[in-house]
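Subject: Structure handover

Hello,

Here is the structure we talked about. Please open it alongside this note; my findings follow below.

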Amino acid sequence: MDVFQALTGGGGIRFDKNRFARDVQLFHPHLADASASGSSPAESSKQASSVGGQNGKGTQASIVVPKELDFFGSAAKTGKLEEDGTSDKAKGKRKRVDGGEDAEEDASEGTGISEGPVTKETLSTFLKANRIRTKGTDVPFPLASWRELEERWKVHKYLVRNLHGTGWKTPTPIQKGAMGVMLDNRDLLAGAPTGSGKTLAFLLPILYHLGVPAAKKEGFRAVIVSPTRELAQQIYEQLRKLCQGRKWRICVLNNTRVTQAEESADPMTRKKYDILITTPLRLVHAIENNELDLSNVQHLVLDEADRLLEQNFLAQTDSILAACSHPKLRKALFSATLPSGVEEMANTFMVDECRVIVGTKDAANERIEQSLVFVGSEDGKLHALRSLIQEGKLKPPVLLFVQSIERAKELFHELVYDGLHVDVIHSERSKVQREGVIQAFKRGDVWVLICTELMARGIDFKGVSLVLNYDFPQTVQSYVHRIGRTGRAGKQGEAITFFTKDDAPYLKTVVNVMRQSGCDVPQWLLELKNPSQNAKKKLKRAPIERKDVRVAAGSIVGRKESIRKREMKEGSKRRKRKEDASNKAEARGTGKEPATVV
Ligand SMILES: Nc1ncnc2c1ncn2[C@@H]1O[C@H](COP(=O)(O)OP(=O)(O)OP(=O)(O)O)[C@@H](O)[C@H]1O
């Protein structure tokens, strides 16, 4: 088996040998001779495949890995690349990090278990069936159905009514596990896959505890912090639906600079407010300028908690924690990824907290079909993208992630002439532009949305069919969150990740996620070495330096060509309009109907 078969065979990895003939030759110099002798690279690589002796998917094959592909030297040690193409899943097993084997059940829909309240006797079966793991002292029992909100906690009727208004028949596993903890007013650390309904799991208990809107000015009683203003806005919209029928005063603060005029016209300190949804930077700014007082906050939620406890945000999160000085402050941390360092940090400021984890910690949503596509070098990316388009694999709506604002802009300029309905979103665009793009994407006017890490977390676009990682993500968390923009709320999704030779040393981090979430991964990929901690840190600090998108595409010429084509099209349209007009004039003169142009 040749390396390209190893790369393409059965493991969710595709490689277009015709298109990337140059790369094929790079790995198989002898193919250059073959193509010189008239055979196509594809034919040649078939010939090369048979040299390896074994061919076809899932066959027992002893493969010698070419030096260029043995990124980690592991094949050199073992002398083989792939034992068989069968993944753990195909073998009917899915191994979990905790050593158990997962039941093949649907995590976000019911469990088939009776909806009666959980008892001491049924607790363990219930947790197992919902793949919930809990830790802590006297962790409150999960709720099995919405009915329990009224029966067990006497949740207000308007809240239950609004909840039923959503049409959601049963709580998702994280809602089952985490809501009980929050409703019982305990500190909480909660982890569950992307798109599994974590937002509701914290919004409803907050409203439950606040009871009724404040009658007098008491300051904020609940604060929800999110890393981006898009996410803050989304949380606000979900909260508003849940609040219908009550006059809750909710304030959304985000990173937009508040002008002096706005501040004096609407000083938050003088207003009655109940709930604050905010980005950290803006909140810290408001605290420092005495715009608001957080001493009455009794519920603090850090959404995307691991992001908020990362170096960039840590100082701000610390300031927020310090400003929330109420002795009865309860804290809840939510994320789809909770690296152990983050958990350790959380332990330092949480009190007698409960830990609720759904599924395998830090794994991707299992409804997402994940694949890796080797594109050779940067030069291969645009070709690979265009071949996905030609093959009809780029089914809108698509989110396409790149590693920097600059690259987002460059790629936008490349694709905008391709007839794709494409737009771009990043933090340098104005608030109005960002909101406009999001609305256009939601309406379906934008098919492919090029984005940076800004859109990686929390954003809930219904029905994104494909996430394309044009640039390899810098951390495993970024990978999990990026691809988590598809496959949400029980829907299926697809994620494709391009990788170049430069990304290869980090490939195993994604492979690990793929394996944990039950994707088919060939054995040789599983045998790759994990990158060292240092290498991971380095990549986290700064992305891989990549060739400019336009240079890689050789497209200074390409773009000129597109402009020329566009001008030709416009010229032809102008001529057509002129012709039509003169036909009509002629028809008017002769009394005949002009010919209809279809
Ligand atoms: N009980 C439920 N039944 C069905 N759908 C639900 C339920 N609860 C929430 N949803 C829907 O699931 C989708 C994802 O919810 P949400 O945005 O809260 O996910 P999340 O777990 O916070 O994801 P992420 O980790 O990406 O932030 C939303 O569209 C939401 O409307």
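A word on domains before the rest: their bounds here come from an automatic or database domain assignment. Note too that this is a predicted model.

**Domains.** The chain splits into domain 1 (1-95), domain 2 (120-258 + 269-358), domain 3 (368-554) and domain 4 (559-590). The centres of domain 2 and domain 3, taken over C-alpha atoms, are 29 Å apart. Their contact uses 16 residues of domain 2 and 15 residues of domain 3. On the domain 2 side, α11 (229-243) and α14 (305-308) each supply at least two residues. α11 gives the most to that side, with three residues. By class, the domain 2 side has four nonpolar, seven polar and five charged residues.

**Ligand.** Where does the ligand lie? It lies between domain 2 and domain 3, because both give residues to the shell around it. There are 19 residues around the ligand, and Trp-168, Gly-197, Lys-198, Thr-199 and Ala-489 come nearest. α10 gives the most to this shell, with three residues. The shell divides into six nonpolar, nine polar and four charged residues.

**Core.** The largest nonpolar core has 132 residues. Those with the most contacts inside it are Leu-188, Ala-190, Leu-400, Leu-449, Ile-450 and Cys-451. α10 supplies the largest share of this core, seven residues. Domain 2 and domain 3 each contribute at least three residues to the core. Take Ala-190. Leaving aside neighbours within four places in sequence, Ala-190 is in contact with Ile-174, Ala-178, Lys-198, Ala-201, Ala-332, Leu-333, Phe-334 and Val-356.

**Helix α9.** Just after α9, Asn-185 takes a positive phi of about 60°.

**Arg-457.** This residue sits in the loop between β13 (448-451) and β14 (466-469). Is Arg-457 buried or exposed? Arg-457 has 26 other C-beta atoms within 10 Å, so it is buried; the cut-off for buried is 20 or more. Leaving aside neighbours within four places in sequence, Arg-457 is in contact with Pro-227, Leu-231, Glu-304, Arg-307 and His-481. Arg-457 and Val-223 are 234 residues apart in sequence and 19 Å apart in space, C-alpha to C-alpha.

**Backbone points to check.** Three further places deserve a look.

- The peptide bond from Pro-396 to Pro-397 is cis, with omega near -5°. Pro-397 lies in the loop between α17 (379-390) and β11 (398-401).
- Arg-131 is not a glycine, yet has a positive phi of about 55°. Arg-131 is in the loop between α6 (123-129) and β2. Arg-131 counts as buried because 22 C-beta neighbours lie inside 10 Å.
- Lys-154, also a residue other than glycine, has a positive phi near 55°. Lys-154 is found in the loop between α7 (147-153) and α8 (157-165). Lys-154 has 9 C-beta neighbours inside 10 Å, so it counts as exposed; the cut-off for exposed is 12 or fewer.

Best wishes

Key: Residues are numbered from 1 along each chain as its sequence is written. This is a predicted model: local features need pLDDT of at least 70, side-chain atom pairs count only at pLDDT 80 or more; totals for chains, interfaces and linings use all residues. Two residues are in contact if their C-beta atoms, placed from the backbone, lie within 7 Å. Helices (H or I, at least four residues) and strands (E, at least two) are DSSP runs, numbered from the N terminus. Ala, Val, Leu, Ile, Met, Phe, Trp, Tyr, Cys and Pro count as nonpolar, Asp, Glu, Lys and Arg as charged, and the others, Gly among them, as polar. A residue is near a molecule or strand if its C-beta atom, placed from the backbone, lies within 6 Å of it. A nonpolar core is a set of buried Ala, Val, Leu, Ile, Met, Phe, Trp, Tyr and Cys residues joined through C-beta atoms within 7 Å.
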